[in-house]
Amino acid sequence: MAVHHDRSGRVDRRVHVDRRVRVQGRPVDAYPALSPEAERGSVRRVTVLGEEVLSRPCRQVTEFGTPELSALIDDMFLTMHVADGAGLAANQVGVDLRLFVYDCPDDQGIRHVGHLINPVLELPPPGNRQLVDEFEGCLSVPGATMTVSRTDRAVVRGFDKGGAPLTIEGTGYFARCLQHETDHLIGHTYLDRLSKRDRKDALRQMEDCREDVFARRAAKAAGLGR
C-alpha cells in the first residue's frame, strides 16, 4: 500500500494516548526510523498490475522459522521502504505466499510495524461498521490514487515468522492498510473495488506516472547502496 496521509492529527487531547511505536502489536520504548528487518534486507522488484501472481490467491505458509522465510520478510521491509510504502504483500515481490509486512501510521500518528503470516481479516459487523472514503494507492499500481471505501476498524489474526499467534488491531489509516494487504493475498487490488470509470482513471494515472515512480525508487535504492 502506498503512503497517503489526510486524516492525521485528529486526537482528543483530553485522553492520554500512548504514542510509542507498536511492533507486532506491542508498544516499545524506542525504535529506529529504518526497521531492523529493512537493515538486513535486499531490494526486490515490485510486481505491477497485470502480472499473474497478483490476480490469484496466495498459498498458505506451512513452514515457520526457516532462514528463507526470515530473508523474505527482511527483503520485503526494505523493498517497502525504497518504494515509500506503508504495507507490502508477498505477491508484490513475486512470491505467492500468504504474508504481508507493514510500517504504517494510524490516524493518531502512532506508528505500527510488523509482519503477519496466513492472516485472517475480521471486520466489524454491519450494524457497527463505519465506512470511510479516502484516497488509496498501491505499490503495484505505481502513481495512481483513487478514493476507496473501507471500514474504519479492522482486526487481523495470523502468525509471526516463528509460528506464534498474533492478533493485530487497526483503526483509521492503519485499518485501511490491513484491509488493503489482505486483499492482495486473495488476488485482489484496490482497483477491484472501483467502478469501471474509476478503474480506467487509475490506469491512466499509472500509465502517466509509472516511469517517474520507478525512477524515484531506483534513485532511493542507489542512495542506500543496495
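**Close-up 1. Strands S6 and S7 pair in the predicted model.** Strand S6 (residues 131-138) and S7 run antiparallel and are joined by 8 bridges. This view, like those that follow, comes from a predicted model. A hairpin of 2 residues leads from S6 to S7. Within the pair, glutamate 136 stands opposite methionine 146 of S7.

Close-up 2. Methionine 146 belongs to strand S7, which covers residues 141-151. Its relative accessibility is 7%, and because buried means under 20%, methionine 146 counts as buried. Although methionine 146 and glutamate 136 are 10 residues apart along the chain, their C-alpha atoms are separated by 5.5 Å. Leaving aside residues up to four places away in sequence, methionine 146 touches Glu134, Phe135 and Glu136, and also Tyr190, Leu194, Asp198, Asp201, Ala202 and Gln205.

**Close-up 3. Helix H2 and the elements it packs against.** Helix H2 is made of 16 residues, 67-82. From its first C-alpha to its last, H2 reaches 23 Å, close to the 22 Å expected at 1.5 Å a residue. Buried residues of H2 include Leu69, Leu72, Ile73, Phe77 and Val82, and among them are also Asp74 and Asp75. The buried residues of H2 pack against helices H1 (36-40) and H4 (196-224), and against strands S3 (87-89), S4 (99-105) and S5. Aspartate 84 follows H2 and has a positive phi, near 60°.

Close-up 4. Helix H3 takes in residues 172-185. Its 14 residues should span 20 Å at 1.5 Å a residue, and the end C-alpha atoms are 21 Å apart, which agrees. Since 14 of the 14 residues of H3 are buried, the helix is largely enclosed by the rest of the structure. Just after H3 comes glycine 187, with a positive phi of about 90°.

**Close-up 5. The largest pocket and its lining.** The volume of the largest pocket is about 640 Å³. It is lined by 26 residues, of which Asp106, Arg153, Gly170, Thr171 and Gly172 are the closest to its centre. Two or more lining residues come from each of strand S5 (111-122), strand S8 (153-159), strand S9 (165-171) and H3. S9 gives the most, with 5 residues. Sorted by class, the lining of the largest pocket holds 9 nonpolar, 9 polar and 8 charged residues.

Methods: Residues are numbered from 1 along each chain as its sequence is written. This is a predicted model: local features need pLDDT of at least 70, side-chain atom pairs count only at pLDDT 80 or more; totals for chains, interfaces and linings use all residues. Side-chain values use heavy atoms; hydrogens and water are left out. Helices (H or I, at least four residues) and strands (E, at least two) are DSSP runs, numbered from the N terminus. Buried means under 20% relative accessible area, exposed over 50%, partly exposed in between (1.4 Å probe, protein chains only). Contact means heavy atoms within 4.5 Å. The expected span of a helix is 1.5 Å times one less than its number of residues. Two strands pair if DSSP finds at least two bridges between them. On a 1 Å grid over the protein atoms alone, a cavity is a set of points where a 1.4 Å probe fits but cannot get out, and a pocket is an open set with protein on both sides within 12 Å along at least five of seven lines; lining residues have an atom within 4 Å of a point. Grid points are joined across faces, edges and corners, and a volume is the space filled by probe spheres set on the points. Ala, Val, Leu, Ile, Met, Phe, Trp, Tyr, Cys and Pro count as nonpolar, Asp, Glu, Lys and Arg as charged, and the others, Gly among them, as polar.
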